[in-house]
Amino acid sequence: MGRHFLLSVSHSSRAAFHLRWRIALVLLVTAFCHQQYLFLVSRQSLAAKYSPTTFDAGHNELQPKFSRPDDDDSDFQDEIIANREAWRILSHGWEGKVFAYKDSVIKTFTPGQSPFRNCAPGIENEKWPTEIAASLRLGGHDNNISNAGLSENSNANKNMNGFLPVRAYFKAAATPSLVPEWHLVTPLLKGGNLNTLAKKTLLETKLKTAKDVDAHFRPAFERLLGNMQHLHEARYCHDDIKPANIFVAEDTRWLLGDLGNLRHTSHPYHSSRIWINNDQLRDCRANDAMRLLKSYLQFVKAAASDKERFDDDFFTGKEPISRLFWKASTDARTISAAQIQKLSMKEYPEQPAMLQENNESTQIRGTFRRLTLHKAVNKSLETRMGEKLARWWGMVGIFGVPNKEVCGF
Ligand SMILES: Nc1ncnc2c1ncn2[C@@H]1O[C@H](COP(=O)(O)OP(=O)(O)OP(=O)(O)O)[C@@H](O)[C@H]1O
Ligand SMILES: [Mg+2]
């Protein structure tokens, strides 16, 4: 009897043991399949992101120059290289560094950080930063190198309004022992970007309320929308619109800067997993336009001293600026920069605020509710975009970024 009991216990525990192993195995296989799926999808979307931007073939500006071109630019280029010690760092980004030297800005591109997407035309096995090709295509060449900053006609041979012209571009090494890096030289804009302009406006000017700030800067925003419309009509998207990439020539003259992410409208990145997971709109033109509107609202909020009031008004659509945002948001998926421009003219900043019956927002008091509202507004205006997860699942640390294209002539 006792022996029978022992046998039956060991049999049932053996069965439980087998069952546990089977479950563990099934879980392991499922996890492996899921990991493989994420690996493939992530690498696919990274491959899409890092695939080249197509520029009009044969565009005569797009001719790369190595080290020392024997043309008119060489003196200027020599001066830039010879005075490396005098370069003042402006920013240290993921792709490289940005320096100021006299009235020029020099952007360097560190090899290996972010793979170059485009083949340098005319050179075998050489890629160059898409930003150089894009700047040449959109900003043209700056023939007025001696001018201080960006003058009205400094990019006289430009292809499009509102983009920085190129002063020089070349590949050179900081010292003979270092790897040569691509350099892009553009005119220095004294106003920096929209973030620096917001700080300056907040501290230095008499514009105090968000409404004042909006009234002063709205024309600059509308002109920028016009420039963006031209970019989209040429079938390109900027793909990285945010306040730090809107450069300020003068307080009310703004440019679309940092063209490193410029892509043609039908580029595969716009339907990739990274794009969708970052809540970007399928139509990259609508996406650019809405991001520009969000950047402008971020700027107005940052530059205004009545930020709490801005937050209060934001969700109620009481002021013209918030009405503009919510009206544009209704058609966000298909809206164009030109349509936002038209809406902006209707919802001009000088209009009186709308009176709201039962205005709940005025009842929002207390630190916690205020903080919640502040966070909710910032979330609605977010322009962040990342690829960290795709890099993690795509094992970029081990396999690198998928970027197979071989460059020929
Ligand atoms: N021509 C310019 N004139 C004035 N400031 C400039 C100019 N070019 C760049 N900057 C400043 O340097 C900053 C970084 O430049 P940019 O966005 O081109 O580089 P980045 O390395 O791509 O930066 P990030 O990776 O942060 O986007 C800009 O936000 C701007 O403040
Ligand atoms: Mg930038």
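Let's start with K102, which sits out in the open: its relative accessibility is 60%, over the 50% cut-off, so it counts as exposed. This is a predicted model, so read every value here as computed from predicted coordinates. K102 belongs to the loop between β2 (96-101) and β3. Its backbone is worth a look too, with a positive phi of about 50° even though the residue is not a glycine. As a rule, most residues other than glycine have a negative phi.

D279 is part of the loop between α6 (273-277) and α7, and its relative accessibility of 65% is why it counts as exposed.

## The chain as a whole

Stepping back, the protein chain has 13 helices and eleven strands. Of its 409 residues, 49% are buried. The chain exposes about 21,800 Å², and carbon and sulfur atoms supply 57% of that area.

How far along the sequence do the contacts reach? Taking contacts between residues at least 6 apart in sequence, 70% join residues at least 24 apart.

## The nonpolar core

The largest nonpolar core has 63 residues, and W254 and F299 are the members that touch the most others. Helix α7 (residues 284-303) gives this core its largest share, ten residues. Both domain 1 (74-190 + 389-399) and domain 2 (194-388) contribute, with at least three residues from each.

Setting aside neighbours within four places in sequence, F299 is in contact with L194, L197, A198, V213, F217 and W254.

## Around ligand 1

Ligand 1 has 16 residues around it, and the closest are K107, L189, N193, A244 and D258. Several polar atoms come up close to its oxygens. A polar side-chain atom of K107 is 2.7 Å from an oxygen atom of the ligand. A244 uses its backbone instead, with a polar atom there lying 2.8 Å from a ligand oxygen. At N245, an N or O atom in the side chain is 3.0 Å from an oxygen atom of ligand 1.

How much of ligand 1 does the protein cover? On its own the ligand has 610 Å² of accessible area, and the protein covers 84% of that.

## Helix α8 and what it packs against

Helix α8 spans residues 307-316, and its buried residues are F310, D311, D312, D313 and F314. Note the three aspartates in that list, D311, D312 and D313. The buried residues of α8 pack against α5 (210-233), α7, α9 (320-330) and α11 (367-380). Just after the helix comes G317, with a positive phi of about 65°.

D214 lies in helix α5. Is it buried or exposed? Its relative accessibility is 2%, so D214 counts as buried. Beyond the neighbours within four places in sequence, D214 is in contact with Y296, V300, I321 and P349. P349 is 135 residues away along the chain, yet its C-alpha atom is 6.2 Å from that of D214.

T383 is another buried residue, and the reason it counts as one is its 9% relative accessibility. T383 is found in the loop between α11 and α12 (388-393). Apart from residues up to four places away in sequence, it touches I241, K242, P243, R291, K294, S295 and Q298. With Q298 there is also a polar contact, 3.2 Å from side chain to side chain.

## A buried phenylalanine in a loop

Last stop is F55, in the loop between α1 (2-49) and α2 (74-82). F55 has a relative accessible area of 12%, which is under the 20% cut-off, so the residue is buried. F55 and R263 are 208 residues apart in sequence, while their C-alpha atoms are 9.0 Å apart in space.

How values were computed:
Residues are numbered from 1 along each chain as its sequence is written. Chains are lettered from A and ligands numbered from 1 in the order in which they are written. This is a predicted model: local features need pLDDT of at least 70, side-chain atom pairs count only at pLDDT 80 or more; totals for chains, interfaces and linings use all residues. Side-chain values use heavy atoms; hydrogens and water are left out. A nonpolar core is a set of buried Ala, Val, Leu, Ile, Met, Phe, Trp, Tyr and Cys residues joined through side-chain atoms within 4.5 Å. Buried means under 20% relative accessible area, exposed over 50%, partly exposed in between (1.4 Å probe, protein chains only). Helices (H or I, at least four residues) and strands (E, at least two) are DSSP runs, numbered from the N terminus. Domain bounds come from an automatic or database domain assignment. Contact means heavy atoms within 4.5 Å. A residue is near a molecule or strand if one of its heavy atoms lies within 4 Å of it. A polar contact is a pair of N or O atoms within 3.5 Å; within protein, one must be able to donate a hydrogen and the other to accept it, and residues adjacent in sequence count only if both atoms are side-chain atoms. Accessible areas come from the Shrake-Rupley method with a 1.4 Å probe; for residues, only the protein chains shown count as cover.
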